[in-house]
Amino acid sequence: MAELHDLTALEQAEAIRRGTLSPVELTEHYLQRIDRLDETLGAFITLTPELARKQAAVAESEAVAARREGRELPPLHGIPVPVKDLNLVAGVRCTFGSQVFTDHIPDTDDHVVTRLRAAGTVMLGKTNTPEFGLPCHTENRIAPPARTPWDLDRSAGGSSGGAGAAVAGGLAPLAHGSDGGGSIRIPASVCGLYGIKPSRGRVSPGPLLHDISGLSTSGPLARTVADAAALLDALSGPMPGDPYGAPSLPPGETFLDAARRRPAGPLRVVSLQTPPIPGVELHADCRAAAAGTAGLLRELGHHVDELELPVDDSVRHAFAAVWDVMATVRPVPAGAEGLLLPLTRHLRERGERVSGQRFAEAMYAFRALGQMIADALQTPGTGYDVILTPTLAQPPAMVGALRRDADPAAEFTALAAYTPFTPIYNATGQPAVSLPLHWTERGLPIGVMLGGRYGAEAELLSLSAQLEEARPWASRRPAVW
């Protein structure tokens, strides 16, 4: 017999609408699983069982009233959705993954939390993240490392590693994440999930923690394309004060609609398998994942060209300059720098040495890259609709393998080599998704990434759903399941 966590989030929501499942029952189920498994998986930093039970009770009352009155509920009404611990929830501890902020309790909701409340979701807690979300592993000094449920000796990635571990381990049906250099797509790849980095401006970053560089955005991690699309619908939309704004969907359209239809005609796909950073080797399993996906796309009737682009280190240098500056933004109290991890201190020290001119040059480099890719995706007759690459250059890393406390400069170099493909879309603002379409002989998930035109999440969702239908993955479950 299937257990509640075997159901997709949308299946759970449908049962709540019919009255065959209570949000209270569903919430208790996940709280019990967290109590049993989280010490092993390292998915959460802070749990909020009292808040979750209160929200679930309210969701149940609203569901009963909606059935009585014959009105519709939001698609994810009553569904547990944890929030990454880089985002603010009023009255709930927010550590940013750092010892410096272990007692920090904000009095304001981020806009994404406001939207999750409006969608009727239930917050189980704050998911694990590395300090300030800077590395692509989730290892800090305030919680156990986040581990992929597919091999508990290996990292769940980062910086949304806790979110990835929670969904892949059945501790939540889906989760909020954020992505400044791959931080949704990396955990999706190593945890066997589907993850979306939306277009810049699709999801509001406000009201307090706006990323002035435009690198970072919130987005969903889920087991299925449709679940992720429903969460993207809940998170999306402009808010007052937003510095960017993505193109709106046609009136009446949703991302969930897009996930439920096929792409409009055959798409032109360009497959790029050469890492854009000099000297980075692509693991055979990651190459096989991209090659296998290219073959599947051809079987589905799409046109796939395979190109080798010149390797250019300029984007990495520009990204490093902006990343270093953004690492300085968190207001660390005087005298508390010693509590920071070596990598954080290293990046902040570098960021303080970046001149205003250098920062502006790096931002211009991002815009030039975005223009070049936009031109390649828009040229009539010869342009492409979608870019295919591996998500990562290597299979899931062992816990601790990417961390170099004694040499943080070497750690940053290792992180860049591990994830050379993902930061491009943060620099350009384009949407990108990671799909779990390949598995190693040892049963480890290997993600592939699709990037699309700015504002074209709907097209990526339709193509992703077609790939999911052709090669389903949601029935694969790790031993801890």
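How many salt bridges does the count come to? The count is 22, where a salt bridge means a side-chain nitrogen of Lys or Arg within 4 Å of a carboxyl oxygen of Asp or Glu.

Before you start clicking: this is a predicted model, so local features need pLDDT of at least 70 and side-chain atom pairs count only at pLDDT 80 or more, while totals for chains, interfaces and linings use all residues. Residues are numbered from 1 along each chain as its sequence is written, and side-chain values use heavy atoms, with hydrogens and water left out.

**Stop one.** Select Arg403 and Asp405. Their side chains meet in a salt bridge, 3.0 Å from N to O. Arg403 is partly exposed at 22% relative accessibility, and Asp405 is partly exposed at 35%. (Buried is under 20% relative accessible area, exposed is over 50%, and partly exposed is in between, using a 1.4 Å probe and protein chains only.)

**Stop two.** Now pick Glu14, Arg17 and Arg18, which salt bridges with shared partners join into one network. Zoom in on Glu14 and Arg17: their closest N and O atoms are 3.1 Å apart. Both sit in helix H1 (residues 9-18), 3 residues apart, which means about one helical turn separates them. Helices here are DSSP runs (H or I, at least four residues), strands are E runs of at least two, and both are numbered from the N terminus.

**Stop three.** Finish with Arg262 and Glu469, a salt bridge at 3.5 Å, N to O. Arg262 is in the loop between helix H8 (255-259) and strand S7 (268-272), and Glu469 is in helix H15 (residues 457-470), so this pair ties together parts 207 residues apart in sequence. Arg262 and Glu469 are both exposed.
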